[in-house]
Amino acid sequence: NSLRFSLSFDDDAGTAGAIRNADGSTTYAKTWPPQALGSAIEAVNAAGELLWSDDSYFSSFSFVHGLELGPQGEFIVADTTAGTVFAVTPEGEPLWSLNWQAGGVIHWPNGVHVATTTSGETLMAVSLLVQAGAGDDRVEVYTIGTAGPEPRWTYAAGDASWPHGPHVEEDGSVLASLAARGQVIRLVDGALDWTIPPEPGVL
């Protein structure tokens, strides 16, 4: 697909995840830096013209980082500095949330991806970084049903490898980049399948 428009803001905000809709419009998360706080969900048409904007249920969130559409049409969002992934309806009604704060350590969800596999399951992958680089970075995968997310498997990198951008494939495997290692990995049922390049490097 060719780039038809770009988004720019004059209030130091940026985009942190976008959904391309069937009608050619795009729904995206708009987020301000942690020191400013606040986030919103907005939509633009195929020409980049604003259709609607809603910050009624995101104004208190600190740093939205990732936006996905759930199986029931809900928005699934990662709030990085709060250590939370949550789901809300398009009307702003909360559905569920996951939180990674324990023992004074916050795991930062910096990426989330939701996809339906060829077997009909809806899976959600989340990449998690440990606050202050404590060395417990990981990727977690959940099955999303009508009752919300259920844990499926976890891949613990075992170091501060900074996993980013998880992507659920049609067969249920997950791709992720390890930013601090300069590698891309493929995970199957929580186990490492392959790594490119084989050794850490510049990628």
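This is a predicted model: local features need pLDDT of at least 70, side-chain atom pairs count only at pLDDT 80 or more; totals for chains, interfaces and linings use all residues.

Biologist: OK. Which residue stands opposite Ile185 in E17?

Modeller: Thr195 does.

Biologist: And how many residues sit between the strands in the hairpin of E16 and E17?

Modeller: Two. In that hairpin, Asp189 takes a positive phi near 50°.

Biologist: What about the other neighbour? How many bridges join strand E15 to strand E16?

Modeller: Five bridges. E15 covers residues 174–178, E16 covers residues 183–188, and the two run antiparallel. One of the bridges pairs Leu178 with Gln183 in E16. Leu175 stands opposite Arg186 in E16.

Biologist: How many residues lie between E15 and E16 in their hairpin?

Modeller: Four residues. Gly182 is in that turn, with a positive phi of about 70°.

Biologist: So what's the strand order in the open sheet?

Modeller: The order is E14-E15-E16-E17, four strands with antiparallel pairing. Strand E14 (163–168) and E17 are the edge strands, and each pairs on one side only. The twist averages 25° from one strand to the next.

Biologist: Back to Arg186. Where does Arg186 lie?

Modeller: In strand E16.

Biologist: Does Arg186 count as buried or exposed, and why?

Modeller: Arg186 counts as buried because its relative accessibility is 18%, and buried means under 20%.

Biologist: What does the side chain of Arg186 make a polar contact with?

Modeller: The side chain of Asp171, at 2.8 Å.

Biologist: Which residues is Arg186 in contact with, leaving aside neighbours within four places in sequence?

Modeller: Asp171 is on that list too, along with Ser173, Val174 and Leu175.

Biologist: Nice. New topic: what is the order of the open sheet that contains E5?

Modeller: That order is E5-E6-E7-E8, an open sheet of four strands with antiparallel pairing. The edges are strand E5 (64–69) and strand E8 (94–99), each pairing on one side only. Neighbouring strands in this sheet are turned by 15° against each other on average, direction ignored.

Biologist: How many bridges do E5 and strand E6 pair over?

Modeller: Four bridges, in the antiparallel sense, with E6 at residues 75–79.

Biologist: Let's zoom out. How many helices and strands does the chain come to?

Modeller: Zero helices and 17 strands.

Biologist: What share of the residues count as buried?

Modeller: Of the chain's 203 residues, 47% count as buried.

Biologist: And the accessible surface of the chain, what does it come to?

Modeller: About 10100 Å². Carbon and sulfur atoms account for 51% of that surface.

Biologist: Last one. Among contacts between residues at least 6 apart in sequence, what share join residues at least 24 apart?

Modeller: That share is 33% in this chain.

Biologist: Great, thanks. I'll go and find Arg186 and Asp171 in the viewer now.

Modeller: Good pick. Look for the polar contact between their side chains.

Methods: Residues are numbered from 1 along each chain as its sequence is written. Side-chain values use heavy atoms; hydrogens and water are left out. Two strands pair if DSSP finds at least two bridges between them. Axes are lines fitted to C-alpha atoms, for helices over the stretch in contact, and angles run from 0 to 180 degrees between N-to-C directions. Buried means under 20% relative accessible area, exposed over 50%, partly exposed in between (1.4 Å probe, protein chains only). Contact means heavy atoms within 4.5 Å. Accessible areas come from the Shrake-Rupley method with a 1.4 Å probe; for residues, only the protein chains shown count as cover. A polar contact is a pair of N or O atoms within 3.5 Å; within protein, one must be able to donate a hydrogen and the other to accept it, and residues adjacent in sequence count only if both atoms are side-chain atoms.
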